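Here is a short briefing to read alongside the model. Have the viewer open and follow the topics in turn.

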Amino acid sequence: MFGLRSDGKKVKGMNIIEKAGPFFMPQRIDAVNLIKVKVPCDKIDEFIQKERRLGNSYSYMHLVIATIVRVLYTRKKMNRFIMRGTTYQRNYISISMDIKKKLEDEAEDITLKFYFTGRETLAQIKQIIDDEIAKNLKPEEVHATTKAAGKFCHLPDFLFRWAMKLVNFLDHHGMLPKSLIKASPFHTSCFITNLKSIKLDAIYHHLYNFGTTSMFISMGKEKIEPIVENNKELKLAKILTLGMSLDERIADGFYMGKSLKLCKDILANLDILNEALPEDGSIPKKFLRKKPKVKKVKKVKKEKKAKKSKKIKPLKNKEKHLKKSKKKSEEKIVKE
């Protein structure tokens with residue numbers, strides 16, 4: 001209450017643009033920015049095959065989630081959220097994801113929430129994801145979110161409406177119990193949907209006004225698309241598309257642009273995920289994509305400009321020649 005929340009700390013020292021943004025755009029859906037990030041799959045496939053030879057089995061989902069976790073840890077503003085016009089820095093990194101227990105129409109949907117410190121290695125992130133999925137795919141297992149939602153679903157419609165208004169009021173004023181925030185998939189750093197698993201393209205998913213999610217990512221099925229490599233050669237390549245919906249109030253465009261570039265850099269240099277990050281939030285430079293070295297061309301000293309040759313004026317020269325020849329002929333006549 002009064003700006004205090006169990007899931008985030010109020011950000012102070014903001015400039016006027018950052019401070020005023022949430023008041024001009026009070027709802028999350030008002031401030032959504034949409035972008036599709038296209039990632040070449042050649043480096044991803046090479047990494048998966050290399051790790052498979054070492055006995056490690058990774059999927060695209062593991063790599064994308066691990067990349068998002070790294071970006072959220074190193075780019076702190078991307079893990080912010082807005083509530084009642086106030087900007088908060090989230091206390092944790094979490095990824096929510098909706099899965100089906102079976103690929104059938106009537107199969108149960110469950111929404112999982114994975115918690116990370118942000119410094120984990122890829123193997124540790126995979127372990128967290130796989131353990132949580134395996135635990136909740138058991139037929140007898142009831143997920144915490146399902147348990148919490150089940151208590152409300154048994155209410156009549158008018159009571160359910162009042163209950164949801166009460167939950168919203170408590171959330172907006174920082175009084176929502178910590179247990180409900182932990183169970184809620186909507187109070188998370190990022191929501192991911194893996195549409196690749198059901199062979200669908202990436203989409204732009206809306207942001208929820210309920211909860212605190214500032215980022216929604218859909219991972220689509222990879223496709224063969226034409227690309228221009230090094231701004232020269234046109235070729236066909238396998239491309240993974242990520243559809244992203246971002247709350248523009250949490251950071252300015254320059255900051256978000258650099259964060260998206262970091263996301264692509266990590267997916268192009270996946271070895272970085274095999275190392276745990278230091279606590280200061282930095283990324284070892286040796287693993288970042290290096291810019292191609294441009295050969296420096298030695299400057300050749302300019303030769304001294306040659307002296308300008310006098311312009312030849314043919315008419316004047318002709319007149320001089322005629323005068324000389326006339327003079328000579330006159331002298332010859334006098335001699336004779």
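How many residues lie between β3 and β4 in the hairpin that they form? There are two residues between them, and R84 in the turn has a positive phi of about 55°. This is a predicted model, in which local features need pLDDT of at least 70 and side-chain atom pairs count only at pLDDT 80 or more, while totals for chains, interfaces and linings use all residues. Residues are numbered from 1 along each chain as its sequence is written, and side-chain values use heavy atoms, with hydrogens and water left out.

**Overall picture**
- The protein has nine helices and 10 strands, taken as DSSP runs numbered from the N terminus (helices: H or I, at least four residues; strands: E, at least two).
- Of its 336 residues, 40% count as buried (buried is under 20% relative accessible area, exposed over 50%, partly exposed in between, with a 1.4 Å probe and protein chains only).
- Among contacts (heavy atoms within 4.5 Å) with a separation of 6 or more, 69% are between residues 24 or more positions apart.

**β4 and its partners**
- Four of the five residues of β4 are buried, so this strand is largely enclosed by the rest of the structure.
- Strands pair if DSSP finds at least two bridges between them; β3 and β4 do so in the antiparallel sense over four bridges.
- Within that pairing, F81 has Y88 of β4 as its bridge partner.

**Two loop residues with positive phi**
- R84 sits in the loop between β3 (80-83) and β4 (86-90), and counts as exposed because its relative accessibility is 53%.
- K199, a residue other than glycine, has a phi near 60°.
- Its loop runs between β7 (190-194) and β8 (215-219), and K199 counts as exposed because its relative accessibility is 62%.

**R249, a buried arginine**
- R249 belongs to the loop between β10 (233-247) and α8 (253-268), and counts as buried because its relative accessibility is 8%.
- A polar atom of the R249 side chain lies 2.7 Å from the backbone oxygen of M25, and the side chain also reaches the backbone oxygen of P26 at 3.4 Å.
- Leaving aside neighbours within four places in sequence, R249 contacts residues including G21, P22, Q27, R28, A31 and I82.

Terms used. Polar contact = N/O pair within 3.5 Å; in protein donor to acceptor, adjacent residues only side chain to side chain.
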